[in-house]
Amino acid sequence: MHGHRNSAAPVDDPSRAGAKQPGRFDPQRAARLDDPSRFEYLPPERVVELLDAPPGALVVDFGTGTGTYAIRVAIARPDVAVVAIDEQPEMLDHLRAKPEAKALANLRTALPEELPALRGRVARVFALNVLHELGDDSLRALGALLGPEGFVLFVDWNAEIERPVGPPRDHVYGPEEAAERLERFGFAVERLEPFRYHYALRARLARAAR
Ligand SMILES: C[S@@+](CC[C@H](N)C(=O)[O-])C[C@H]1O[C@@H](n2cnc3c(N)ncnc32)[C@H](O)[C@@H]1O
């Protein structure tokens, strides 16, 4: 193991092999994703700033849940097209039911079936609170979305921080463990200024992985 403990727990579904969190996100907890207190410790303005999407960019929210942040990005950047992807159709139903989502011409939802059609075309991907849920195959599919100058912004609960909110610490990564996993998948990773409870990483595809 070269000094590293195996970071992936046994998962309950073979398609999620490699994920740190053993269980899939429970759609019954969807309302938690719309808790307004989230914006205090993970401000959408900062996510928009870190994304730094070029004008006209195609932007993917990978694992959008109820679209809490996809909606904020689409409102803040009417000049970009946001595709909000989730593997659970009921999560996308929650997103589409929101009145503010209905009013946004630059936001649409998609299931992972659409990933092949988006390959190599996406300027920015953001994945919030998702890396610990992603199996290895999904992580590869996520990376394959990126166009030439593209990057992924990964923001997820920090295992190294004692938190009153979020998943148990052993279901998520610390920033170094997350960066090491991404590097194993061919990403070149920059460590960004962390949020109160979250780490933030900017990941580009290293040349060899293209
Ligand atoms: C903890 S929620 C976070 C939702 C949203 N990013 C947010 O911060 O409000 C994680 C979401 O990722 C979705 N998800 C997990 N693995 C996925 C995958 N491989 N492909 C697409 N969506 C996935 C889950 O269905 C769930 O809705």
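**Which residues have the most contacts inside the largest nonpolar core?** They are Val82, Val125, Ala127, Val152 and Phe154, in a core of 54 residues. Strand β5 (residues 146-157) gives the most to this core, with 7 residues. A nonpolar core here is a set of buried Ala, Val, Leu, Ile, Met, Phe, Trp, Tyr and Cys residues joined through C-beta atoms within 7 Å. Buried means that 20 or more other C-beta atoms, placed from the backbone, lie within 10 Å of a residue's own. This is a predicted model, where local features need pLDDT of at least 70, side-chain atom pairs count only at pLDDT 80 or more, and totals for chains, interfaces and linings use all residues. Residues are numbered from 1 along each chain as its sequence is written.

**A look around Val82.** Leaving out residues up to four places away in sequence, Val82 touches Val59, Asp61, Ala70, Val73, Ala74, Asn106 and Leu107 (C-beta atoms, placed from the backbone, within 7 Å).

**The shell around the ligand.** Sorted by class, the shell has 9 nonpolar, 7 polar and 3 charged residues. Ala, Val, Leu, Ile, Met, Phe, Trp, Tyr, Cys and Pro count as nonpolar, Asp, Glu, Lys and Arg as charged, and the others, Gly among them, as polar.

**Stepping back to the protein chain.** Its C-alpha trace spans about 50 × 40 × 35 Å along the principal axes. Of the 210 residues in the protein chain, 38% are buried.

Methods
Buried ≥ 20, exposed ≤ 12 C-beta atoms within 10 Å, placed from the backbone. Helix = DSSP H or I, 4+ residues; strand = E, 2+ residues; numbered from the N terminus. Contact = placed C-beta atoms within 7 Å. Near = placed C-beta within 6 Å.
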